[in-house]
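Subject: Structure for you to look at

Dear colleague,

Here is the structure I promised to pass on. Please open it alongside this message; my notes follow.

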Amino acid sequence: MISVGVLGATGAVGQRFVQLLAGHPNFELSVLTASKRSAGKKYRDAASWRLEVPFPEDVGDIIVSDTTVESLKKVDLVFSALPADLAGEVEMQCAKAGIGVCSNASTYRMEPDVPLVVPEVNADHLGMIDLQRDKGTDGFIVTNPNCSTIMLTCSLAPLRTFSFSDIKVATMQAISGAGFEGIPGMAIFDNLIPYIGNEEEKMERETLKIMGTFDGAEVQNAPFSVSACCNRVPVIDGHSMSVWIDIKDQVEKVEKAFRTWKSTLPDLPTLPEKSVDYIDLPDRPQPRLDRMKGKGMTVSIGRVRPGIRYQAMGHNTIRGAAGASILNAEVICDRDYL
Ligand SMILES: NC(=O)C1=CN([C@@H]2O[C@H](COP(=O)(O)OP(=O)(O)OC[C@H]3O[C@@H](n4cnc5c(N)ncnc54)[C@H](OP(=O)(O)O)[C@@H]3O)[C@@H](O)[C@H]2O)C=CC1
Ligand SMILES: N[C@@H](CC(=O)OP(=O)(O)O)C(=O)O
């Protein structure tokens, strides 16, 4: 078993990590960190448990630690669910201390030697870990993308064999994406907020890095353009998006690609049977009905129409955050980087 820690374990993504890691066949949860407000308390008292699944009693007595590298001496790998403005320093200290870091935070995503990985799309970018090691880092930092970017890039994986140059996307994002204390009920109930700070820019730049080619030294960005409009809607979990991609006159072939595409990854505990699932119904995918498909790791696709236009949806704190990071870690172990 590999001993692991979760940074920011009491938050919306942190609780998902704890849920998904409790009982994981390869990772043993041994350290949970949060702010000074929570440090020193038992996890069951520090985390106000807000997920729809029962609290994992086995980890309830772990004493929450301060988020410092000293607290993490007994772990080999940490999953980071820290706010981006706090993640940078401690993640780098961990990597330098020989600990592997799989991070949700946006801090290092665009660094040239940091892999930004959706394993079904660009697992080969993990080769950037060698670049970090060449510079003397004993551990590593591997990041997963912004939650909406993960849904978009998963949906693009089956379309790589087509020729296209322009993608437009309009998102409808769940409120859990802003964290537990992120959006007051009075702001979102009976409403839509047509702005999520920096989200459009992140979707536009991260997609090009993920879909780009890594030659062993650097990533050449993908040669297409992405234009995003991001909206917050009163859904608890599940980011939806309408996508326009300039593939001409090939509706049936695109639909077939969505139905038949399979990733080439080996069997891994968090890899769903279908990373992309095409639903042949006129009013799907819907967050409430489809977000838990593949234990929350499947991106559902529907409504392929001429243009090409289609709809995509996935669970933002599982496929879009904690589950994505755990899958990255499983691939990292499978490739002997840890
Ligand atoms: N929510 C989502 O869908 C996604 C989130 N992310 C990213 O994941 C990260 C976490 O987001 P989310 O879980 O939503 O955020 P939350 O606000 O729900 O949780 C924040 C966590 O960070 C801890 N924390 C806050 N301040 C400090 C501090 N000064 N020192 C140490 N720990 C601190 C909190 O601990 P305490 O309880 O003690 O305050 C809590 O555990 C962010 O970087 C976010 O951008 C990425 C993809 C999707
Ligand atoms: N901004 C996303 C969640 C998030 O935190 O993304 P990022 O990790 O890119 O900041 C949302 O609100 O749904």
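L152 is buried, because 28 other C-beta atoms lie within 10 Å. The cut-offs are these: a residue is buried if 20 or more other C-beta atoms lie within 10 Å of its own, exposed if 12 or fewer, and partly exposed in between, with C-beta atoms placed from the backbone. L152 sits in helix α6. Helices (H or I, at least four residues) and strands (E, at least two) are DSSP runs, numbered from the N terminus. Leaving aside neighbours within four places in sequence, L152 is in contact with V169, M203, T207, M241, V243 and A312. Contact means that the C-beta atoms of two residues, placed from the backbone, lie within 7 Å. L152 and T171 are 19 residues apart in sequence and 9.7 Å apart in space, C-alpha to C-alpha.

Two notes on the source. This is a predicted model, in which local features need pLDDT of at least 70 and side-chain atom pairs count only at pLDDT 80 or more, while totals for chains, interfaces and linings use all residues. Residues are numbered from 1 along each chain as its sequence is written, and chains are lettered from A and ligands numbered from 1 in the order in which they are written.

Helix α6

Of the 10 residues of α6, 10 are buried, so the helix is largely enclosed by the rest of the structure. They are C147, S148, T149, I150, M151, L152, T153, C154, S155 and L156.

Which way does α6 run against α11? The two are roughly perpendicular to each other. That label covers angles of 65 to 115 degrees; under 35 counts as roughly parallel, over 145 as roughly antiparallel, and the rest as oblique. The axes of α6 (residues 147–156) and α11 (residues 318–334) come within 8 Å and cross at roughly 90 degrees. Axes are lines fitted to C-alpha atoms, for helices over the stretch in contact, and angles run from 0 to 180 degrees between N-to-C directions. C147, I150 and M151 make the contact from α6, and R319, G320, A321 and A324 from α11. By class, the residues of this contact are five nonpolar, one polar and one charged. Ala, Val, Leu, Ile, Met, Phe, Trp, Tyr, Cys and Pro count as nonpolar, Asp, Glu, Lys and Arg as charged, and the others, Gly among them, as polar.

Domains

The protein divides into domain 1 (2–146 + 321–334) and domain 2 (147–314). The bounds come from an automatic or database domain assignment. The C-alpha centres of the two domains lie 23 Å apart.

Ligands

Of the 30 residues around ligand 1, G8, G11, S35, S38 and G179 come nearest. A residue is near a molecule or strand if its C-beta atom, placed from the backbone, lies within 6 Å of it. α1, α3 (84–96) and α11 are the elements that give two or more residues to this shell. The largest share, three residues, comes from α1. The shell around ligand 1 has 13 nonpolar, 15 polar and two charged residues. Domain 1 and domain 2 each give at least three residues to it.

Ligand 2 is surrounded by A84, N104, S106, N146, C147, Q173, G177, A178, I196, E199, K202 and N316. These are four nonpolar, six polar and two charged residues. Again, at least three residues come from each of domain 1 and domain 2.

Helix α1 and strand β1

In α1 (residues 12–21), 10 of the 10 residues are buried, so the helix is largely enclosed by the rest of the structure. What covers them includes β1 (2–7), β2 (27–34), β4 (77–80) and α11. Just after α1, G23 takes a positive phi of about 90 degrees.

V4 lies in strand β1. V4 is buried, with 25 other C-beta atoms within 10 Å. Beyond neighbours within four places in sequence, V4 is in contact with L21, F27, E28, L29, S30, V75, L77, V78 and F79. V4 and I99 are 95 residues apart in sequence and 9.5 Å apart in space, C-alpha to C-alpha.

Best wishes
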